[in-house]
Amino acid sequence: MKKDLISITDFTKDEYLRIMELAKEFEENPNQDLLKGKVVASLFFEPSTRTRLSFETAISRLGGRIIGFADPDSSSATKGETLHDTIKMVSNYADLIVMRHPLEGAARYAAEISSVPVLNAGDGANQHPTQTLLDMYSIVKTQGTLDNLNIFMVGDLKYGRTVHSLLQAMSEFENPIFNFIAPDILQMPRAYKLHLEEKGIRYFEHEEFTDIISEADIIYMTRVQKERFSDPIEYEKVKNVYILQNSMLANTKPNLKILHPLPRVNEISTDVDKNEKAYYFDQARNGVFARQAIIAHTMNLK
Ligand code: CP
């Protein structure tokens, strides 16, 4: 049976740990011809820099070939071809499909149609599971553990698909604490809070975080997702609500790391970049190794 990765909950805790192990192996030895003779389709119906390029780097380092598009305007979607027909056909060409799409649920739909594995590279405001696995790899590399961490999620927790997937994955580990810092209209959706309540996991909601920042092990900053707002005035009201400045990090824990899935707009001031607690560019680099691991695991190459 083919193995897809659509939601982070498609993998078990043991599989998360296996991905961490494999990512470490790929970081130590990135060039391995495990995809020799295989073709991977990279279908990006929505813009991307990191996810697309790190997937394509991962595939190249594994010796595979890439087909696809970075811009749906260059595909027959512009002529009215349905997602159903696109996937049906591409799964006849490729051994694996990596897809980003603006619609929530599009990746699950593609997986149902495709005869080859599908990896969700982000579907609307829903899930971004491969980002989560690289986030977890970044956390375990910097903290030495995935247990007992106080995780601050800051910014657009409503539309930010990366925080939804990360919350679900980290809730599988021992004794996490979540602090959600968001303006009223961008709070963590109820379904994710219920998930934590059912597991007896503590979470706290705030509109400010200057007073509590000293408790954080991880600060996960997010961009306010302009493209998900139907009303531009609502976006204008919240776009600058949280800006992390270097001066705010003075009394933080020595092990603190600042993560961000990127791209950032202005939510992390550039004066933070030189602080040793800033980890977001290393985090993006870890994406190549985590995605090599995900491909190897889903295609049973190791
Ligand atoms: N983190 C992330 O998904 O970045 P891109 O949108 O550039 O792929």
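Start with the lining of the largest pocket in this predicted model: its residues divide into 5 nonpolar, 10 polar and 8 charged. Select the 23 residues that line this pocket. Arg100, Arg161, Arg223, Leu262 and Pro263 lie nearest the centre of the pocket, so label those five; the rule for sorting residues counts arginine as charged, and leucine and proline as nonpolar. The space in the pocket comes to about 410 Å³.

Next, colour two helices, α2 (50-61) and α6 (161-170). Each of them supplies at least two residues of the pocket lining.

Now colour the chain by domain. The domain assignment gives domain 1 as 8-127 + 287-298, and domain 2 as 129-284. Domain 1 is therefore made of two stretches of the chain in this assignment.

Keep both domains on screen and look at the interface. The centres of domain 1 and domain 2, taken over C-alpha atoms, are separated by 25 Å. Select the contacting residues on each side: 30 residues of domain 1 are in contact with 26 residues of domain 2. The size of an interface is often given as the accessible area lost when the parts come together. Here the area buried between domain 1 and domain 2 is about 2,400 Å², and carbon and sulfur atoms give 61% of it. Which residues of domain 1 lose the most area to domain 2? They are Ile8, Met20 and Arg50, which together make up 26% of what the domain 1 side buries.

Stay at the interface and turn to charged side chains. How many salt bridges does the rule find across the interface of domain 1 and domain 2? The rule finds 2. Arg161 forms a salt bridge with Glu46, and their closest N and O atoms are 3.2 Å apart.

Next, go to the cavity. A search of the whole structure finds 1 cavity of 30 Å³ or more, and about 30 Å³ of space lies in the largest cavity. Select Gly155, Thr222, Val224, Lys239, Val241, Tyr242 and Glu267, which line the cavity. By class, this lining has 3 nonpolar, 2 polar and 2 charged residues.

Most residues other than glycine have a negative phi, and most peptide bonds are trans. Return to Leu262 and Pro263: the peptide bond from Leu262 to Pro263 is cis, with omega near 5°. Pro263 is found in the loop between β9 (257-259) and α9 (280-298). Last, select Asn148, in the loop between α5 (129-143) and β5 (150-154). The phi of Asn148 is positive, near 55°.

How values were computed. Residues are numbered from 1 along each chain as its sequence is written. This is a predicted model: local features need pLDDT of at least 70, side-chain atom pairs count only at pLDDT 80 or more; totals for chains, interfaces and linings use all residues. Side-chain values use heavy atoms; hydrogens and water are left out. On a 1 Å grid over the protein atoms alone, a cavity is a set of points where a 1.4 Å probe fits but cannot get out, and a pocket is an open set with protein on both sides within 12 Å along at least five of seven lines; lining residues have an atom within 4 Å of a point. Grid points are joined across faces, edges and corners, and a volume is the space filled by probe spheres set on the points. Helices (H or I, at least four residues) and strands (E, at least two) are DSSP runs, numbered from the N terminus. Contact means heavy atoms within 4.5 Å. Buried area is the accessible area (1.4 Å probe) that two parts lose on being put together, summed over both. A salt bridge is a side-chain nitrogen of Lys or Arg within 4 Å of a carboxyl oxygen of Asp or Glu.
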